[in-house]
Structure formats: structure tokens, C-alpha cells
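I opened a new page for this protein. I wanted its fold elements, its surface and its charged contacts written down in one place.

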Amino acid sequence: MEMHPRRSLYEIHGISAPLRRQSRQSPIARLTIAQILIALRRTMNAIEAKLAARHAITELASLDDRMLLDLGITRSEI
């Protein structure tokens, strides 16, 4: 038995394809959801940046003064 995609079966037999459902969300709802997603992405980026800065501070604090001086910074600048 040969398998055909649903669309080709409709075309072969001359049957009109079923209509897709239209989105029931209003433009205002879609805009609101988009704005919420943007705000969440910004919040996530800010958290990631803060965690990266904390990690860098921890790494620098673990170095001795001579190694920090090689990098051109002092312990008080960490």
C-alpha cells in the first residue's frame, strides 16, 4: 500500500482541503504576550550577566596579589 501525504490525497481526489482554524487571539492579546516574552528575556539576560560577574569576581578573588598585579589590577579593584 502506497502512503500519500494528506494534502496530495485531497489533490488527487479533487476534494477541497479542510480550512485551517484561524487564531482566536486578538491582536491586543498577541501584542501583550509578545511584550511579556520580551520582558522575560530581558530579565533572564540580566540574571545571566549578574551570575557571570559574580563568577568573575570569585575567580579573581582566588588569585594571589602577584597574579593580580600581572593582570594589572589590585585586590581593592576587584
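My entries follow in the order in which I looked things up.

**Ground rules.** I am working with a predicted model, in which local features need pLDDT of at least 70 and side-chain atom pairs count only at pLDDT 80 or more, while totals for chains, interfaces and linings use all residues. I number residues from 1 along each chain as its sequence is written, and side-chain values use heavy atoms, with hydrogens and water left out.

**Confidence.** I looked up pLDDT, the predictor's confidence in each residue from 0 to 100. The mean for the protein is 85, and 72% of its residues reach 70 or more.

**Elements.** I took helices (H or I, at least four residues) and strands (E, at least two) as DSSP runs, numbered from the N terminus. The protein has three helices and zero strands, in the order α-α-α.

**Surface.** I used Shrake-Rupley accessible areas with a 1.4 Å probe; for residues, only the protein chains shown count as cover. The protein exposes about 7600 Å², and carbon and sulfur atoms supply 60% of this area. Buried means under 20% relative accessible area, exposed over 50%, and partly exposed in between. I find that 3% of the 78 residues count as buried.

**Patch.** I joined nonpolar side chains (Val, Leu, Ile, Met, Phe, Trp, Tyr) within 5 Å, taking residues with over 30% relative accessible area and no salt bridge. I33, I36, L37 and L40 form such a surface patch, with about 380 Å² of accessible area together. L40 sits in helix α2 (residues 27-61) and is exposed at 53%.

**Salt bridge.** I searched the whole structure for a Lys or Arg side-chain nitrogen within 4 Å of an Asp or Glu carboxyl oxygen. The search finds one salt bridge. D65 pairs with R75, their closest N and O atoms being 2.9 Å apart. D65 lies in helix α3 (residues 65-71) and R75 in the segment after α3, so the pair ties together parts ten residues apart in sequence. R75 is partly exposed, at 37% relative accessibility.

Notes:
Buried < 20%, exposed > 50% of the residue type's maximum accessible area, 1.4 Å probe, protein only. Patch = residues over 30% accessible without salt bridge, like charges linked within 9 Å, V, L, I, M, F, W, Y side chains within 5 Å.
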